[in-house]
Amino acid sequence: AVISLTVGMVFCLFTPVNGGPDEYVHFATSYMLSNEIMGIENLYNDNQVLVRECDSLIPLDRPVEYDAFSFRDMYNGLFTGTEGKTDLVAVNARFVRVHRQLYLAQTLGITLARVLDMGFIPLVLMGRFFNLLFYTALVWLAVKIMPVFKTTLALCALLPMSLQIAGNFSYDTYILAMALLFTASV
């Protein structure tokens with residue numbers, strides 16, 4: 001669990017916003033679900049989501065091109081708040097139409113960040129961190145109940161690609177963790 005959280009946090013912190021595979025789609029979907037949790041009526045338009053003005057810094061309908069300056073922007077954004085930009089604005093977005101449960105952890109992270117009035121980068125990191133926590137908890141449970149080959153299962157769970165997925169917005173985290181848990185229980 002310690003290795004998973006440590007290496008996973010490296011991916012959380014050093015992957016630029018929308019730097020993960022299709023992260024913009026998963027972020028928009030999680031944000032839409034966070035709106036529902038917070039009682040904010042979502043737009044009934046298939047290609048827009050309401051976000052706080054401070055969270056509308058990047059497009060949510062296409063991948064973002066990033067470079068060395070993206071890392072600087074991540075670092076500079078770590079210690080920012082909403083700067084009063086909490087009014088909701090509609091932004092174009094792409095969503096994933098899957099079971100809502102697949103986004104539970106990252107949606108709770110976004111919601112908590114919004115309740116605590118955190119800025120955009122801390123909000124992204126909170127969603128990623130909750131996703132990583134969820135993954136780590138399920139992997140720990142899988143290793144715990146696995147009767148044999150615990151080390152092999154743990155090593156599979158600690159592969160860089162697995163931790164990169166767990167440290168970003170993606171429903172693949174849930175699917176991967178549940179597959180490991182299923183493998184351990186059979």
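1. Helices here are DSSP runs of H or I with at least four residues, strands are runs of E with at least two, and both are numbered from the N terminus. On that basis the protein chain has eight helices and two strands. Following the sequence, their order is α-α-β-α-β-α-α-α-α-α.

2. A word on provenance: this is a predicted model, in which local features need pLDDT of at least 70 and side-chain atom pairs count only at pLDDT 80 or more, while totals for chains, interfaces and linings use all residues. Residues are numbered from 1 along each chain as its sequence is written, and side-chain values use heavy atoms, with hydrogens and water left out.

3. Now the overall shape. The C-alpha trace of the protein chain spans about 55 × 35 × 30 Å along its principal axes. Of its 186 residues, 45% count as buried (under 20% relative accessible area, with a 1.4 Å probe and protein chains only). Contact means heavy atoms within 4.5 Å; among contacts in the protein chain with a separation of 6 or more, 83% join residues 24 or more positions apart.

4. Have a look at helix α5 (residues 120-145) against helix α6 (residues 150-157): they pack at about 165 degrees, with axes 9 Å apart. Axes are lines fitted to C-alpha atoms, for helices over the stretch in contact, and angles run from 0 to 180 degrees between N-to-C directions. The angle makes α5 roughly antiparallel to α6 (the term covers angles over 145 degrees). On the α5 side the contact is made by Tyr135, Val139, Ala142, Val143 and Lys144, and on the α6 side by Lys150, Leu153, Ala154 and Ala157. These residues divide into seven nonpolar, no polar and two charged; Ala, Val, Leu, Ile, Met, Phe, Trp, Tyr, Cys and Pro count as nonpolar, Asp, Glu, Lys and Arg as charged, and the others, Gly among them, as polar.

5. α5 also packs with helix α2 (residues 23-37), at an angle of about 90 degrees and with the axes 12 Å apart. That makes α2 roughly perpendicular to α5 (65 to 115 degrees). Glu23, Phe27 and Tyr31 of α2 meet Phe120, Leu123, Val124 and Arg128 of α5, a set with five nonpolar, no polar and two charged residues.

6. Ser4 is buried, with a relative accessible area of 4%. Leaving aside neighbours within four places in sequence, Ser4 is in contact with Leu132, Tyr135, Thr136, Leu158 and Leu163.

Methods: Parallel < 35°, antiparallel > 145°, perpendicular 65-115°, else oblique. Buried < 20%, exposed > 50% of the residue type's maximum accessible area, 1.4 Å probe, protein only.
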